[in-house]
Each structure stands twice: as structure tokens, then as C-alpha cells.
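Me: I would like to go through this model with you. Could we begin with the contacts of a single residue?

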Amino acid sequence: MSDVPVLKVEELITRFGGGPGQGVTAVDHVSFSVGRGETLGIVGESGSGKSVTAMSILRLVPRPGRIDGGRVELNGVDLLPLSEDEIRKRRGTECGMVFQNPMTALNPVFSIGWQMGEALRAHGRERNSSQIIEGSLAGVGMPDPQRQANSFPHQMSGGMRQRVVIALGLINEPQLLIADEPTTALDVTIQAQVLDLMKKLTSEKGAALLMITHNMGVIARMCDRVAVMYAGEVVEEAPVDEIFSNARHPYTRGLLRSVPDGARPLQKMPTLPGEPPDMSRPFDGCRFRARCEFADHRCSAHPDLLEIRPGHRSRCWVAQAGEEFGPQPDSEADNVV
Ligand SMILES: Nc1ncnc2c1ncn2[C@@H]1O[C@H](COP(=O)(O)OP(=O)(O)OP(=O)(O)O)[C@@H](O)[C@H]1O
Ligand SMILES: [Mg+2]
């Protein structure tokens, strides 16, 4: 087996507005990779840069955003210099996506079957398309695939539509699936089913899954590794067990204060004390320091993201010095939003 990761993001920079050095750097030197059959979670508060990271990977950053640097390798090929045509060919086949709101991913005026057929046609897979479509609708648990293929989006429940979007994301058997908050519009029982389904379908095919969420419960349920984003940067990355048992960044520990206890696997993001930083102002030192109970004189310098033990990286001076943060936060649910 080759050890080239399916997705390798290196020093990615995406900005909105302004000339060099101005505007908002929504994604600031972000690096991570995802291997075959692996699920990487990206977690962080609202505005931390999760969706812009996903959109940058697919080269779908809306204007006035632009990618200003870095590499995005899909199966060893850097996507950033490719032509629009070449990148379009890769969307869907090499890399599928599932976004938050199924209604924006589906066209209201065409049947589900037609839209799935279109995804196949776009990649030259017209042959046996009805069979493929019905098979993939069955694969996401649709009770009557033939009937559902003939339905229109508004005739389905939210849970069914989201399953259709997942089927669409997977229909061309991509090696990478990017899911950005794929279940927030759904009720908790359906959320769990949809997540389990996505995990099953990707692991059966040995695909890589990049799972973006606010929700540490979703991370606990789905992921092998976790990258935590704060103010456009990755501040910690580690195997999921390490994150939950021995987080080495104060921000991650703040996120964990409400999770997980097995009984509440899908509870929402806790609110941390203090405000997220104003992204339009230049940063000085550690971006988390104004909210950090461990901040000291060292934190006026900006820390790098460094490996503090094998496979575990932290962007925190305290962690890098090997100092303790005290016991890991309890799973209290009293500050859940
Ligand atoms: N269209 C846009 N125009 C200008 N700035 C934008 C735009 N989209 C995103 N940004 C900037 O990028 C930052 C990151 O946004 P992003 O959507 O990636 O956050 P997120 O982590 O996905 O948040 P959420 O959890 O709410 O989805 C925002 O704080 C904002 O400053
Ligand atoms: Mg988002």
C-alpha cells in the first residue's frame, strides 16, 4: 500500500479582501493530512475557518476570497495550479462533498434521479445509470429507491434529503469525502443514523473522510484524528483518544468542558468565556491568550504548531515546555449552548 495520503494540505492560506497584509486571513498556514480509510475531524468555534478550509481544498472559495499560498495535494497531485477544467473533473470523482444544508445542494426543479444521473453523466458514467442510482439510494437506506429516484426534493423529509446529498457525494466513489456540518439541520436521532452511514460507506470503500463540525460529540463518534482550529489556525492535532484524555491546548480543553459522556454523544458546542478574536485586526502573540487561563509572558510571542509527542501537535508554549494544565476538564453539560 502506498503511504501517500489521500489528502495533504500544506501551509494553506486563504484571505478575504484587502491587499497583502490586509483583510481577513481566514485560513492561516493550515496543514494536515488524511489517509485511506481514515476520518479526520476539524473542530472549532464559529468563524474559526473550517468551511473556508473545505472550500479552499475544492477551490470553491467565494469572492472576494482567494487562496494566497500553500499546497492541496489530492493523491499526490497539487490542485492549486490546475486549470478550472481539470479541477472540475476531480470534484465528484476524486473528491465528493456534503454540505450543511441539503436544500442548497439539490435543485428543486429536477427529480432526485435526474440529479444523480447528471452527476454520473458529468463524469461519463451514463451506462446502467438507473441501476447505479437506485443502488446508491438503497445504500443510504432509502426504503423504495425507485420511487425516491422519481421524487423531487420538496417531497422528502429533511433526513431523507440529507441522505440523498450523501448518496450524491458518494455516487462517483470519490477517494475523499468532505462533509461540512452534514447533520446540523437534522434531529438528533437522524443525525446519529446519517453519521453512522457516512462512516460505514467511506470505510467500506477505504475512502478518506474529512468531517467538519462544531460538535465534539460528533468528533468522538466519528473520527480517528482531530485538528482543532482557532482564529484561522490549527492549534492542536492528535488522535481522537488523546484529544479526549490528554488535550494539550487550553482552547481544546475549553471545548471539552461539556463532552463527552457516552449518554450525550451529539450535544452541542460549549460556550467558552470571552469573545473570539477580531479576525480583521493583526494578531500579536498567541491568538488564544486573551481567553486563556494559563497565559503568561511567553504568550506574547506567536507559538508554532509543534509535535509534543508522536502524532500530537500543539501550538501552545505551556504544552511545548512539557508543563501541566491540571486535570482534564470534566464532562459537565451546564455550559452547553
Ligand atoms: N464570504 C466571505 N466574505 C468575507 N469573509 C468571509 C467570508 N466567508 C468567510 N469569511 C471569513 O472567514 C472566517 C472563517 O469563516 P468560516 O466560514 O470558515 O468559519 P467556520 O469555522 O466554518 O464557522 P461556522 O462554524 O460558523 O460554520 C470568518 O470569520 C470570516 O471572517
Ligand atoms: Mg462553517
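Reply: Leu210 touches Leu7, Val34, Leu40, Ile42, Leu176 and Ile178, leaving aside residues up to four places away in sequence. Contact here requires C-beta atoms, placed from the backbone, within 7 Å. This is a predicted model, in which local features need pLDDT of at least 70, side-chain atom pairs count only at pLDDT 80 or more, and totals for chains, interfaces and linings use all residues. Residues are numbered from 1 along each chain as its sequence is written, while chains are lettered from A and ligands numbered from 1 in the order in which they are written.

Me: Which residues touch the most other members of the largest nonpolar core?
Reply: They are Ala167, Leu176, Ile178, Leu210 and Val228, out of 85 residues. Such a core is a set of buried Ala, Val, Leu, Ile, Met, Phe, Trp, Tyr and Cys residues joined through C-beta atoms within 7 Å.

Me: And which helix gives this core its largest share?
Reply: Helix H7 (residues 158–170) does, with seven residues. Helices (H or I, at least four residues) and strands (E, at least two) are DSSP runs, numbered from the N terminus.

Me: Turning to Phe32, why does it count as buried?
Reply: Phe32 counts as buried because it has 22 C-beta neighbours inside 10 Å; the cut-offs are 20 or more for buried, 12 or fewer for exposed, and partly exposed in between, with C-beta atoms placed from the backbone. Phe32 is found in strand E2.

Me: What does Phe32 touch?
Reply: Phe32 touches Val9, Leu40, Ala227, Val234 and Glu237, again not counting residues up to four places away in sequence.

Definitions and conventions:
Contact = placed C-beta atoms within 7 Å.
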